[in-house]
Amino acid sequence: MAYEALDFYDIDSLLTEEERMVRDMVRDWVEERVLPNIEDACRDGVFPDQWRAEIGEMGILGAPLKGYGCPGLSYIAYGLICQELERGDSGVRSFASVQGSLAMYPIWDFGTEEQKEKYLPDMARGELVGCFGLTEPDYGSNPGDMITRAEDKGDYFLLNGAKMWITNGTIADIAVVWAKLEDEIRGFIVEKGDEGFSAPEMKGKHSLKASVTSELVFQDCQIPKDRILPDVKGLRGPFSCLNNARYGISWGAVGAAQSCFNSAREYALSRIQFGHPIASFQLVQNKLSWMLREITKGQLLAYHIGKKKDDESWIPEQISLAKMNNVDMALEIARMSRDIHGANGILDEYPVMRHMANLESVKTYEGTHDIHNLILGRHITGIQSFTREL
Amino acid sequence: MGVAVLLKQVPDTTAKISVSGGRVDESSIAKWSISPYDEYALENAIKMSESGFGDVVAITCGPARASKCLTEAAAVGADRLIHVVAESTLDSIQVQALLSAAVKSAQCEVVMCGKQAADTNSGSTGPGLASILDFSFVGAVTEVSMEGGGFAATRLGPSGLEQIEVGSPCVFTFDKADTELRRPNVRGIMMAKKKPIENLSANDLEVETSNSRVSVESHSSPPEKPPGQKFVGVESIAEVVSKLREEANVI
C-alpha cells in the first residue's frame, strides 16, 4: 500500500509546488532505495556509498545554501528533505545534516572565496564528503573547554588533539575542525591524507548503525595557512552550524515518528486478538490518537520555525525548543509503536525498533535534551545554569 | 521538429481506489502519477532528444490537476509542455482527436506514449492517433533509436525480440522495459517550475467534444477475493492436489 504520511492539519497545502516536488522526489528515493536495503546496511554497519552518490545526484545537499553549485532551496524544503530521509533512517538524515549544515555551511558562511570555490560545488554533488569535528572524548556538552589546539608555525598550522562521535568521519574527504588558536576557537579545514591526521571508525553502536561514526586524531598534523576559516571566532562558529542542523532534526524527527505511527496503525488494523483487530480496542486507540496529536503539534512547530528561518526572524532558543520537543515526542512514539506491535515490534520486519534505537542518539547529539532545556531556562530566567562559575 | 510524448495522469498504482454512488471517488485518491508505461515513453524521448533529435514536447489531456505530470516531465528534461484542458469526462475518440490536434499544433512527426494507461487499460490512444494523423504505428516497443533517416524500434514479438525499422512520421507505444527511469533532481525541479505550460482548450484546437458516442454507465469495485484456504498435515496432500488440479487448474 502507498505510504501516506500523517498530515492531519494539511501542512501539505501550505507548501509551494517546488517544495512538494522536492519532498516527493526524496520520498520516492527513500521508498525505492533506502527502505528495501536499510536492514542490511544496519546489519553490516555501513552507509552504502551508492546512497551518497544518489543523494548527490538529487542535488539536495546543502539545501538552503545559495551559489557555489548549492541548491538554494527554502528552509522549508530543507526541512522536508530531512523529514523524508529520516522517515527512512536517522542515519541517512545524519549523513545529509552533517554534509550540508555542519561541513558545507561553515565554509559557505565563514570561508574565503577560494575555499568556497574549491570545496562547495563538489560537496553539493556529494562527490566530496565532509564531517564536523567539535565534540571531544572529554568535552561533549561543554565544547568551550576543548583541548584540541592549533599553533601558528609561520608557514603552517600545527594541530594536536582528538575529536569523537564524528558522523561521516572515516568516509570524509575533508573535516571542518574546531580548535583553539591562542585560546580562541577557530575553524580549520583538514583534508584526508594530511600528515598526522587519521579518522578511525568507532564500532559497536546499537544506534545509527547505518551511519559512519568516527574519531578524528591529530598528531602534529600540519595544514597550510589558507585552511583556516577567516570570518569567525569563538563558539559562535560551531553553534551557528548546529542551529541549522538542529533545525533539520526537528523535521527529521517528524519523519521517524510518521514512520512509527504508520507502522503502528497498519499493524493494529491487521492484528486480531480476542476475535477483533486490536485497533478496535480503546487502549490502542488512545495510543494512536496520542501519537497523532503529538506528531501534529511537532509538524506545526517544525513548519513555523521553518517559516521563521526563511524570513530570518528566528532566535536559537526557538530551534532548541523544536529540536528537543520533536525528538522527545518521536522517541516516545517509537516506544509506543513498539508496544502496539507487541513482540513483533522487536523484529527488523518493522521499522520501529530501529527508529527507537536511532532516536536515542538523536536525543543526545546536536545538544542533548537537557542542554536544550538549560538553553530555554536561561532564556526564561536570564540566569545561565550550565556552569557553577556564576 | 521534435518528439511528442503523451502523458496521462492516473491514480498511483499503489493508491487506494474507492467507489461511491457508482463512480470512482477521485477525492479519495491520495496520489496521482504519470501512467507507468508513459514514463518509459518519456525516458526514451528524452534519450533521443539528448542524442540530437530536437525537443521533447510533453502533452497531457485532462483536468487542472493533470498539469502536475507536465511539471514532473519538465523536471526530468521535457522542453515544451502542452496541457489540453478537459474538465469533463471524454471518450477515447475525443481524447485521440484532441491529442492529435495538439500534436499537429506542436508540429511533431514522432509521437510516443504508453501502450495503455494504468487506469483504463484501453490501449486505444496510440493507434487512434496514428489513424487520425495518418502516421505509421509500432506498438509495445521497449526501445526506439534514430537509425539513418528513420528509427529502429525493439519490441517483444511472438518468437523473441523483433527489430523494426520505420520512417517518420510514426507513433510508438511503449511496453515496460528494463530501462532505468531517470530520477528528477533539484536543479530540474527548479527549472521545471519556470517552464510555461501552454493551455489549449477543445475550442483552441477546433475539436468538437460535445457528441460523445460512448458513455460510462457506472463503476464498481471488483468482487472481493474469497478467503485463502489453509491445509495442515500430510493427510491433506490428496485434497490439496485435487484442488490445485480441478479448481486452480495449475497442475
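Analyst: In this predicted model, strand β9 (residues 136-147) and strand β10 (residues 150-157) of chain B pair in the antiparallel sense, over 6 bridges. Within this pairing, B:Ser145 has B:Ala152 in β10(B) as its bridge partner.

Both strands belong to an open sheet of 9 strands in chain B, where the pairing is mixed. Read across the sheet, the order is β11-β10-β9-β12-β8-β1-β6-β7-β13. The edges are formed by β11 (160-166) and β13 (197-200) of chain B; each has a single partner strand, so one side of each is left without a neighbour in the sheet. On average, neighbouring strands of this sheet are turned by 35° against each other, direction ignored.

Helix α3 (residues 92-105) of chain B packs on the sheet. This helix touches β1 (2-7), β6 (55-62), β7 (80-85), β8 (110-114) and β13 of chain B, and its direction makes about 150° with that of β6(B).

The next matter is the nonpolar core. The largest such core has 178 residues, and A:Ile81, B:Val5, B:Ile59 and B:Val111 are those with the most contacts inside it. Helix α7 (residues 236-270) of chain A gives the most to this core, with 15 residues. Leaving aside residues up to four places away in sequence, B:Val111 touches B:Ala4, B:Leu6, B:Val103, B:Leu129, B:Phe135 and B:Val171.

Methods: Residues numbered from 1 in each chain as written. Chains lettered and ligands numbered in written order. Predicted model: local features only at pLDDT ≥ 70, side-chain atom pairs only at ≥ 80, totals over all residues. Core = buried A, V, L, I, M, F, W, Y, C linked by C-beta atoms within 7 Å. Buried ≥ 20, exposed ≤ 12 C-beta atoms within 10 Å, placed from the backbone. Helix = DSSP H or I, 4+ residues; strand = E, 2+ residues; numbered from the N terminus. Contact = placed C-beta atoms within 7 Å. Pairing = 2+ DSSP bridges. Axes fitted to C-alpha atoms, helices over the stretch in contact; angles between N-to-C directions.
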